[in-house]
Amino acid sequence: MAKLNALLLSMLLLCALLLVTSQHQARKLFIDLERAQAQARRSEVQWKELQLQQTQLAKHSLIDAAARRELKMQPVTPDRTLYMSPAGAPVAVPTAGPTGSPPGGPAPKGTR
Amino acid sequence: MARPVKLSSNALLKTKLPAWRSRFALGVLAFGFLALSARAVYLQAWTTDYLQRQGAVRVERTLEVPATRGKIVDRTGAVLATSLPAKAVWAIPDDVDAPREQLVQLAKLLEMDRQELERKLAEDKSFVYVKRQVDAAVAERIAALGIPGIHLRNEYKRHYPEGEATAHVVGFTNVEDVGQEGFELSQQQRLAGKPGSRRVVRDNLGRVIEQKGSGIEPRDGQDLSLSIDTRIQYLTSSALRDTVREHRARAGAAVVVDVRTGEVLALSNWPTYNPNNRQQLTGAQLRNRVLTDTFEPGSTMKPFTAALALELGKVKPTSTIDTAPGRLTIGPHTIHDAHTYGTLTVEQIVQKSSNVGTVKMAQQLQPQQMWELYTSLGFGQPPHLGFPGAVAGRVRPHRNWKPIEQATMSYGHGISVSLIQLARAYSVFARDGELIPLTMLRADEPAPGVSVLRPETARAVRRMLEMAAGPQGTAPQAQIAGYRVAGKTGTAHKQENGGYVNKYIASFVGFAPASNPRVIVAVMIDEPGGGQHYGGQVAAPAFARIAGDALRALKVAPDAPFTTLIVPADPVKESV
């Protein structure tokens, strides 16, 4: 009888200790999870901030102003542009003759 | 030191005590235990729920899990609107107790007047918002000041990186993150997230240590991809701004539509506003003139009259009509031409924009036929764009048309349309007779069109429109280097208090390249005041700049030789 009691008592103690450690483990893991989730949220916010920054820095008005003023660039004109078709062959652009009487002019070829 | 005495021989034990005393002590102890167990049973069995609830109140908390509002992006994925976390700074005025220099620091961080801050903190309330939507970095420094009674609350701030250029399309939200204008308003349901919640246990330091149950997951708002191309949008809005300034106009609007898909590539208004800073916002700035304003289109309607006459076989492109002497009297009214042309072909009527010629064509048509064409082109009906405030315009029922009304309608007076309706209607010429549905959301597939005119009719009118935008037409300034363009000018008197006044709306609607149209561009300039008011002088150059930039941005191959453009010194004036 006394032996059985001792056995049960030791089992009880063991279970109690296991309960305590597993609870502790659970909390530790939970805190890790929370931390990871918070990190995920922070990263997401950071990603959005970077996206926003990218758009702000790549604003067309900024690029336009920088290109015109600082780099002294000019818009491209078709006479200085070589148009390529997807196959790689240059697109024939009608040449010569003044514009202004387009109806009846040469039929355009090879537009994409 | 006393000698130890054996217990059994202790003198005290020899005293005989009365038996009731021990029984009494036993009884008291037994009663004590009984009372304790009764209490235990009472707590465990009868009041458990209450006690557990009380325990939960002390350690458990329901936390709201915020959901973020969806982004708005353009067709290339560039961000047009996004939400970032920010803080609301609020105060319990009675609790605020800080030395003056700390308040000065706070005011500086909040970019506020010290007096204003002090006035807010002096209010007789238990809760005051000091400032909302403070950037997270600034909020951190405010928290570091540690002023008692000043608190922070999480919220979101909406950022619009493209600013003025896309303001009218994207719109904006208020501080509560609810859409107020534009797509922010119309797509509120889709963009708004649904916050979730979860039940957690906190320890004495306030850390979350356990979650109870699974909680409700937050649902983030969906992202929205618009059909707008920010590059074309920027080019459009800067061209429009320059045009309005150059001609000292009251306002302007422009829209660019992709002919293949019906997507709106750019939609721009001037004056505009910065959605990131809306302190001095006026109604004129907010107004989306492309969609919510209707105007009498004037000559831009003439091609439709010509198209209907061709479609019904009343005329051929080369049929001649006598427009001399540049006047036509219908009842008590007289219709004028700006110049006297004599005999013109149908092509030349559109090219020179002759009112008399157009009316003579319209007189061969039934009111019902004209009304049916206008209706099938979408005039008089609000466009299905998913955009707030898009108006229907006005086409009166054909049964009440008087002959003079039918005549004026044929050249665009007595009918009101919005710029976007006009741009859409021109798709029948750009697409061989097919009318396309417009969309402002990104669509990858070509739009299925509805056939309104025969392809031959559409091609014939396209040729006329190309002539109108040529050196002999009303809009030689609409020409673009390297591309053939087709389009029509419009110059209409404005109506005020029921009568026409000497204020104008100059417009131009056209498409390019004419050989295989890719974009439709419609430009409208309200009250140009710089001495020039004709559509060909005011709106056509803006069209040329926008269409040329858009075609280059879309990498469309030229279909015309690149030579010096012929722009006559004194182009043909259209009839107003």
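Predicted model: local features only at pLDDT ≥ 70, side-chain atom pairs only at ≥ 80, totals over all residues.
**Exercise 1.** Work out how α9(B) and α20(B) are oriented to each other.

*Solution.* Two packed helices are described by the angle between their axes and the distance between the axes. Here, α9(B) spans residues 230-246. Its angle with α20(B) is about 160 degrees, and the axes lie 9 Å apart. Angles over 145 degrees count as roughly antiparallel. So α9(B) and α20(B) are roughly antiparallel. Their crossing is right-handed.

Now the contact itself. From α9(B), the residues include Arg231(B), Leu235(B) and Asp242(B). From α20(B), they include Val538(B), Arg545(B) and Asp549(B). By class, the contact has 8 nonpolar, 3 polar and 4 charged residues.

**Exercise 2.** Find which residues touch the most other members of the largest nonpolar core.

*Solution.* This core holds 80 residues. Phe304(B), Tyr374(B), Phe379(B) and Phe429(B) touch the most other members. Helix α12 of chain B, residues 302-311, supplies the largest share, 6 residues.

Turn to Phe379(B). Among the residues it touches are Phe304(B), Tyr374(B), Val395(B) and Leu422(B).

A second, separate core has 37 residues, including Ala249(B), Val538(B), Ala539(B) and Ala540(B).

Notes: Residues numbered from 1 in each chain as written. Chains lettered and ligands numbered in written order. Heavy atoms only, no water. Core = buried A, V, L, I, M, F, W, Y, C linked by side-chain atoms within 4.5 Å. Buried < 20%, exposed > 50% of the residue type's maximum accessible area, 1.4 Å probe, protein only. Helix = DSSP H or I, 4+ residues; strand = E, 2+ residues; numbered from the N terminus. Contact = heavy atoms within 4.5 Å. Axes fitted to C-alpha atoms, helices over the stretch in contact; angles between N-to-C directions. Parallel < 35°, antiparallel > 145°, perpendicular 65-115°, else oblique. Left-handed = near helix turned anticlockwise from the far one by under 90°. Nonpolar A, V, L, I, M, F, W, Y, C, P; charged D, E, K, R; others polar. Lists of a residue's contacts leave out its neighbours within four places in sequence.
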